[in-house]
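Trainee: I am new to this structure. Can you take me through it step by step?

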There are 2 protein chains.
Amino acid sequence: MSKKLTSRSEDYSKWYNEIVMKADLAENSGVRGMMVIKPYGYAIWEKMQSILDKMFKDTGHENAYFPLLIPKSYFSKEASHVDGFAKECAVVTHYRLKNDENGKGIVVDETAKLEEELIIRPTSETIIWDSYRKWIQSYRDLPLLINQWANVLRWEMRTRLFLRTAEFLWQEGHTAHATKGEAIIEAEKMQGVYATFAEKFMAMPVIKGTKSVNERFAGALETYTIEALMQDGKALQAGTSHFLGQNFAKAFDVKFTSKEGDLDYVWATSWGVSTRLMGALIMTHSDDHGLVLPPELAPIQVVIVPIYKSEEELTAVSAMAHEIMDELKNKDISVKFDDRTTQKPGWKFAEYELKGVPLRIVIGPRDLEKGTVELARRDNLTKTIIEKHTITETIIRTLDEIQESLFDKAHQFRNDHITEVNSFEEFKTVLEEKGGFLSAHWDGSAETEETIKNLTKATIRCIPLDTPSEEGICVFSGKRSKGRVLFAKAY
Amino acid sequence: MSKKLTSRSEDYSKWYNEIVMKADLAENSGVRGMMVIKPYGYAIWEKMQSILDKMFKDTGHENAYFPLLIPKSYFSKEASHVDGFAKECAVVTHYRLKNDENGKGIVVDETAKLEEELIIRPTSETIIWDSYRKWIQSYRDLPLLINQWANVLRWEMRTRLFLRTAEFLWQEGHTAHATKGEAIIEAEKMQGVYATFAEKFMAMPVIKGTKSVNERFAGALETYTIEALMQDGKALQAGTSHFLGQNFAKAFDVKFTSKEGDLDYVWATSWGVSTRLMGALIMTHSDDHGLVLPPELAPIQVVIVPIYKSEEELTAVSAMAHEIMDELKNKDISVKFDDRTTQKPGWKFAEYELKGVPLRIVIGPRDLEKGTVELARRDNLTKTIIEKHTITETIIRTLDEIQESLFDKAHQFRNDHITEVNSFEEFKTVLEEKGGFLSAHWDGSAETEETIKNLTKATIRCIPLDTPSEEGICVFSGKRSKGRVLFAKAY
């Protein structure tokens, strides 16, 4: 497989697909809309999982596991919820196969038909709240702070690796609280956790905001979101946290006795991020040479490539490489020494560029003489010669610099792509010519939002949390608006 | 819920179910045969996962993720494999629900019927080998050493929490090799990893062996197993590793070019352990007071319970508790201080006994004066008074002692329950009166094995790896035998 990529300017979408395939992150399977996450891609996801899991536990959450299959009747109990998901549900109807009597091979055994169909979870509110009814009696049982790492399935018509797949991996937090206020604080807190994760570890700046009614999660009273901007000027919803009010408690009859002895329904939140973050990570930093990974999420942070002409030279270079490896490993830096003899150095350089390894050390015979090595940065493709005895400190410092620099670059790009627009003409022009977020006045009606979407494909990404109260005129309807919201085309 | 358990001697099966429920490990869900793993149970599983995952990575394996759903046609490609699993497959036939026109609520949308049914994976050989065809061309691509953490589903008719559930969590390793020898070495190596995990971390002694042809995994040429013994004298298969020969490579046409340029099918293994291990862990060590956990897998290793009569006393006791906590946490010991005022000390003692916390520290006002604390061991229910300044070293030592002592006790029990039997009368008597493993000569025929199973419910658990070659007479048929095998009733 050629290591050369289509450039972003030529065909952004093709560039994305090629990176995913050529960097060995994922590929399509033989099952419609379902991907195989390959080991290198999965290693990045594992790093994300482990950091997020610690953040959830540090904020008091515990993990649990609920069934994959949900009875259709559960699913129907919360009206707006079922409306939101019914059209994309995989349905299990039978529980046995058999050999066909007419020799047609293996067929479904019609005698093993389920009385009630089971749905593969598209999200787990209903099955979880059915358990919460048994777990919650008193204020002493609250708050209940639970997270689940799981696969979910939504039968999407158009799928793209990581960004939109029928099956995806995610975590879903589901919490129960004694008061409305506590539940809102929880939903906001988890939005904050997601924002911190995105910015600190993914080096991906995000805008925190709330969703318009149209864009809310099915069953939520408020959806908090973090929105990122990709290099092609399209927005990507990177994580959401929902205040569910008492909707699920009422649907599943989950009541608790308060300290004062009153019986009331509990208040709920749910929140999730998924393997979609992999798509966001790829599109935020990568370039025409391949993947660019922030050091915090790179499965391999440093790769060492030896240059040699003889067996003797390889031995000497390897000795030095192993010394460096040991030093770096002691500092918890993940390092790989690629001493394969089946591939040439140039091939290896291209390979690790494609895979986004943040730093490359090259050691050749001359370096042995001089006590130096060559250090190459993946993010800006610069090379420097450094003295061997400074290597560990240089690498630690440089990894930090790369992490910061990737964030700064993405932040600059994002900020350069928030444009205030004050007429619908301007809205359309900026959207087509520049893309990014359009900060525009909106009259607050679902109808206007829908019309703008139909005309331009731009949706309200969020009502930013830090929006100043500013009277204005809706960019489309001319009606009164109380503040600007952010529109964009989105993944 | 009462903390008192049914005793093992009274009703072992009821005792097991009560522990699982009362120690908050798991419960049945509203979906037939599917369990909810509660936070405390899941925390134990997470410890198992994290240790196993490290062991897999240390032996060169990488994680990846493959689709949940498998097209029926894939599933049918390996004949013995489909025979083994067809009868317990959940089948997805539709991908949409809709509102019924006749007001019957939400119904399956018959216009959204799949052309080819999809099976929820009962195991992933077929979907994985379909990918391996694309990943393997040359000997350079081998060995391919991949593991997946996933949920799988087998429609079991009789289910029991952890031991046999329709959906369960597991890991499945799937490897591909250039030679038969390498694949066999891999299968044996992973059996070794499982045995080490069981003995060192679960403190559960196991017998390593191979399965008889009857008991092999569907599609395997050899199944390696580790077999444990529960306190009721029944065996439990705790992990299996399969040498699959070229069966899946042939079914999915996975060939490679060797160093010599020859084209050949690759050789395969697969191996897995599941949440069934939770059942094994519970039944190996627990007693009539509740769960007993080996320190290596205990989510809470030490619990501190304060005794106090006044607010002042609580403050003083808490100060000491926090000092001890900090010291222990510094040594990576997981410790919980239960200073809830809503529950009395006696209630807490029973609670942590039920949950199997290995060590309990009790601090009261007298301890403050004397500079002592009370230390109680869960495994043997002994209490000692120790000086506060020796607490960390005492705890580290005692946790090690508990781990070892649990293994020794289980090992003693297991060894006491391997009985050599030399006639079928003896076989039946020992099986009924004592249980455990029966070491008996067998003529090697599937027919004899089947008949013994039908007559006694005992199956061949394994042909132990260390079986001495010993000529003898089959305990049932009187025919020639070349060595003893282990029979037992099993979970």
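The questions below go from the pair of chains to single residues.

Mentor: Start with the ground rules. This is a predicted model: local features need pLDDT of at least 70, side-chain atom pairs count only at pLDDT 80 or more, and totals for chains, interfaces and linings use all residues. Residues are numbered from 1 along each chain as its sequence is written, chains are lettered from A and ligands numbered from 1 in the order in which they are written, and side-chain values use heavy atoms, with hydrogens and water left out.

Trainee: By what turn can chain A be laid on chain B?

Mentor: Two copies of a chain are related by a rotation about an axis and a shift along it. Here the superposition is by least squares on the C-alpha atoms of residues with pLDDT of at least 70 in both copies. The RMSD is 0.0 Å and the shift along the axis is 0.0 Å, with a turn of 180°. The two copies are thus related as by a two-fold rotation axis.

Trainee: Which residue of chain A comes closest to the rotation axis?

Mentor: Go by the C-alpha atoms. The closest approach in chain A is 2.1 Å, and the residue is A:Val92.

Trainee: Which strands of the two chains pair with each other?

Mentor: Strands (E, at least two residues) and helices (H or I, at least four) are DSSP runs, numbered from the N terminus. Two strands pair if DSSP finds at least two bridges between them. Across the two chains there are 3 bridges, in the antiparallel sense. A:His94, for one, stands opposite B:Val91. The strands are E5 (residues 91-94) of chain A and E5 (residues 91-94) of chain B.

Trainee: How much area do chain A and chain B bury between them?

Mentor: Contact means heavy atoms within 4.5 Å, and it takes 66 residues from chain A and 66 residues from chain B. The copies meet through the same surface, because 100% of the interface residues of chain A are also interface residues in chain B. Buried area is the accessible area (1.4 Å probe) that two parts lose on being put together, summed over both. Carbon and sulfur atoms carry 65% of it, and the total is about 5,200 Å².

Trainee: How many salt bridges cross the interface?

Mentor: The rule asks for a side-chain nitrogen of Lys or Arg within 4 Å of a carboxyl oxygen of Asp or Glu. B:Glu46 and A:Lys57 form a salt bridge, with their closest N and O atoms 3.1 Å apart. Over all chains the structure holds 60 salt bridges. Across the interface of chain A and chain B the rule finds 4.

Trainee: Which residue forms a salt bridge with A:Arg133?

Mentor: Look in helix H5 (residues 125-135) of chain A. The two partners are 3 residues apart there, so about one helical turn separates them. Their side chains meet at 2.9 Å, N to O, and the partner is A:Asp130.

Trainee: Which strands are the edge strands of the open sheet in chain A?

Mentor: The sheet has 11 strands with mixed pairing, in the order E3-E9-E10-E16-E13-E12-E11-E24-E27-E23-E22. Inside that order, 2 bridges join E11 (residues 207-210) to E24 (residues 459-464), which run antiparallel. There, A:Thr210 has A:Ile463 as its bridge partner. An edge strand pairs on one side only, and these are E3 (62-63) and E22 (418-420) of chain A.

Trainee: What is the bridge partner of B:Thr459 in E27(B)?

Mentor: Chain B also has an open sheet of 11 strands. In it, 3 bridges join E24 (residues 459-464) to E27 (residues 484-488), and the two run antiparallel. The partner of B:Thr459 is B:Ala488.

Trainee: Which residue is joined to A:Pro143 by a cis peptide bond?

Mentor: A:Pro143 is found in the loop between H5 and strand E9 (144-153) of chain A. Omega of the cis bond is about -10°, and the residue joined to A:Pro143 is A:Leu142.

Trainee: Where is A:Phe162?

Mentor: Its phi is near 70°, a positive value in a residue other than glycine. A:Phe162 lies in the loop between E9 and strand E10 (167-177) of chain A.
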